Amino acid sequence: MAIIKKFRITTFKKEKNKISLQKISLSYNKRQILDDVSFNIREGEIAGLLGPNGVGKSTIFNIICGLIKPDYGNIIINQHNVTEIPIYKRAIDFGLSIVPQSGGVFSNLSCLENLKAISEIVIKKKSERNFKIEKMISKFELDAVKNTKAKHLSGGQRKKVSIAMSLMSDPKIILMDEPFQGLDILSTRDLQETIVNLQTEDNNRCCIISDHAAASVMQITDKIFVLANKKIIAQGTPGELINNENAKKLYFGDAFKIN
Ligand SMILES: Nc1ncnc2c1ncn2[C@@H]1O[C@H](COP(=O)(O)OP(=O)(O)O)[C@@H](O)[C@H]1O
Ligand SMILES: [Mg+2]
């Protein structure tokens, strides 16, 4: 088993921003959730978005992919202002894909049928579709349950199907909302390796991960943003963040360790 440390990418050098959030603010029913949130993620970066429950992490993902429009601010992808661009066009034009926090699969379809359904939308050639489906089944070790309906899978297996579905389109930007939820220790390591491999296969590809398994996120990310009290209160490499007083006070606590 490879040691986790080998996963971390420390030689990242790209300068171009892939995703920028500029002064994003959002309220739900007059309750402000995000206040003047800005951050940049560069091409090829794997970024982590951490923060306490209910702070607005999923909301940020929904804003980036276009499910929610912010009250104020802009979303820039590949130097294009996409704030007014609908979700399907963001997916097609910018290769954006999301693994939602919950759901993301058709409960009454089997694992195989779920992958087939998504492949018919995103892959034109049938031979290529079947090849990709087989690859995903094998990558996520779903062979034994490929004919089981999603509603009868374990939480972790369902998460794997949802992640496999998000990768069918060969996305360039992958937003993963709690991808480690429900995964056992070995599956967590496999997914960490998969995420890092996605980045090494394509140097421009970028990935944003939000998860409560903070250590699992920090082991594979180039950069971390900590969201608390409606704002980004700390950002930096995992090493920098671990010693950041704001991040300790509002999120990590004193006893937190990466390994
Ligand atoms: N559609 C909605 N209507 C009203 N409040 C919402 C809605 N979606 C999320 N919220 C609230 O916004 C806050 C942020 O939610 P969320 O982004 O899901 O947090 P996180 O992912 O960080 O746990 C929470 O307090 C949640 O209750
Ligand atoms: Mg969430």
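In strand β4, isoleucine 75 is the bridge partner of leucine 21, where strands, like helices, are DSSP runs numbered from the N terminus (E, at least two residues, for strands; H or I, at least four residues, for helices). The structure is a predicted model, in which local features need pLDDT of at least 70 and side-chain atom pairs count only at pLDDT 80 or more, while totals for chains, interfaces and linings use all residues. Residues are numbered from 1 along each chain as its sequence is written, and chains are lettered from A and ligands numbered from 1 in the order in which they are written.

Strand β1 (residues 17-28) and strand β4 (residues 72-77) pair in the antiparallel sense over 5 bridges, pairing being assigned if DSSP finds at least two bridges between two strands. Serine 25 stands opposite tyrosine 72 of β4. These strands belong to an open sheet of 4 strands with antiparallel pairing, arranged in the order β2-β1-β4-β5. Its edges are formed by β2 (31-42) and β5 (80-81), each of which pairs on one side only.

Strands β4 and β5, which run antiparallel, are joined by 2 bridges, and isoleucine 76 stands opposite asparagine 81 in β5. The two strands form a hairpin with 2 residues between them, and in the turn asparagine 78 has a positive phi of about 50 degrees.

Helix α1 lies across β1, β2 and β4 and runs at about 120 degrees to β1; axes are lines fitted to C-alpha atoms, for helices over the stretch in contact, and angles run from 0 to 180 degrees between N-to-C directions. Helix α1 (residues 57-65) also gives the most to the shell around ligand 1, with 3 residues. Among the residues around this ligand are Tyr28, Asn29, Lys57, Ser58 and Thr59, a residue being near a molecule if its C-beta atom, placed from the backbone, lies within 6 Å of it. By class, the shell holds 3 nonpolar, 7 polar and 1 charged residues, where Ala, Val, Leu, Ile, Met, Phe, Trp, Tyr, Cys and Pro count as nonpolar, Asp, Glu, Lys and Arg as charged, and the others, Gly among them, as polar.

The chain is divided into domain 1 (16-95 + 172-253) and domain 2 (105-170), with bounds that come from an automatic or database domain assignment. The contact between them takes 8 residues from domain 1 and 7 residues from domain 2, two residues being in contact if their C-beta atoms, placed from the backbone, lie within 7 Å. The C-alpha centres of the two domains lie 24 Å apart.
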